[in-house]
Amino acid sequence: MTESVLGHQWYSEQYFHKDVATSFKIKSVLHSEQSKYQKIDVLDTYGVGRLLLLDGKTMVSERDEFVYHEVMGHIPAMIHPKIKNVLIIGGGDGGIVREFVKHPEIERIDLVEIDERVIEISKEFFPHCTSGLTDKRVNVKPQDGVEYIKSFKNFFDVIIIDSTDPEDFAAGLFTQEFYKHVSDALTEDGIMMAQTENPFYDEYGIKAFYDNLRNVYPVVKSFTGPMLIYPGVFWTFAYASKGLAPTEINPNKIPFMLELQQKLKWYNMDWHKGAFHLSNIHKLVTGC
Ligand code: AG3
């Protein structure tokens, strides 16, 4: 929803039954189109720089994208003893790929995004996010991740579900059936991660996603990171694995990360170790 306030245009994403909203003062509209799957807009804003919207929902901004992308990439990378193959479902903006390519041990990264236009538009307007897509190890596949995953068994060490909210075609990415396919595609010490919304405005019933995960994985944990542009800022993420605990940083990787984390904006190993200590509302809503 765009509205004029005292002569300025603002964009508001309304959520939680449309009773609250987050608003951004618009400098200009850089791009708008209707793709086969969704409405895609890129705004230039005063507060958060360039802002990508899919069907009116905030996805990526220049100001805070590093939080989401660094936690999704470096948490599993620091837990798994040796990652060869990574799969990212969704995430057409490329931000998570950019973080994984920083790990030299990784041999292959598949990015499976259903909407090719999201990838193209991100290349044009968010080159800082898509910079990893030209890495030789990266395979960009404009396909439906739900179908793609079914053809892999015991192959990926890490699978990241970088989805939009659990509505329309993304709803299938939060089901137990899908998590089972993810688990089958993972190796025996595999790790899966997903974004799981805001526990204050629990408009989608977050508990159900975590119950679905618990029905498939022996280890299911949750953590949070601030996402300034998402509903209510306090954003949760899920970590699920077939055995590896999310706080047991692999000792062999510590020297490498001590170096790398100096260049990161959010992730460091001290934060990682504390991230899984949860507040009461977070425990209650996720059951973790
Ligand atoms: N994934 C979107 C998370 C959900 C945002 N929801 C919202 N604004 N209502 C972002 C993709 C980043 N790579």
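The legends below describe views of a predicted model.

Residues are numbered from 1 along each chain as its sequence is written, and side-chain values use heavy atoms, with hydrogens and water left out. Local features need pLDDT of at least 70 and side-chain atom pairs count only at pLDDT 80 or more, while totals for chains, interfaces and linings use all residues.

**View 1. The whole protein.** The protein has ten helices and 13 strands (DSSP runs numbered from the N terminus; helices are H or I, at least four residues, and strands E, at least two). Its radius of gyration is 18 Å, close to the 19 Å of the globule rule for 288 residues, so the protein is as compact as a globular protein of that length. That radius is taken over C-alpha atoms, and the rule is 2.2 Å times the number of residues to the power 0.38. The C-alpha trace spans about 55 × 45 × 40 Å along its principal axes.

View 2. Domain 1 brings 24 residues to the contact and domain 2 brings 23 (heavy atoms within 4.5 Å). About 2,100 Å² is buried between domain 1 and domain 2, with 66% from carbon and sulfur atoms. This is the accessible area (1.4 Å probe) that the two parts lose on being put together, summed over both.

**View 3. The domain 1 side of the contact.** Elements giving two or more residues to the side that touches domain 2 are β2 (8-15), β3 (20-34), β4 (39-45), β5 (49-54) and β6 (57-61). The largest share, six residues, comes from β3. The residues of this side divide into 13 nonpolar, six polar and five charged.

**View 4. Salt bridges.** The whole structure holds 15 salt bridges (side-chain nitrogen of Lys or Arg within 4 Å of a carboxyl oxygen of Asp or Glu). Three salt bridges are counted between domain 1 and domain 2. Glu167 and Lys57 pair at 3.4 Å, N to O. Arg117 and Glu33 also form a salt bridge, their closest N and O atoms 2.7 Å apart. This pair links distant parts of the chain: Arg117 lies in helix α3 (residues 116-125) and Glu33 in strand β3, 84 residues apart.

Methods
Ala, Val, Leu, Ile, Met, Phe, Trp, Tyr, Cys and Pro count as nonpolar, Asp, Glu, Lys and Arg as charged, and the others, Gly among them, as polar.
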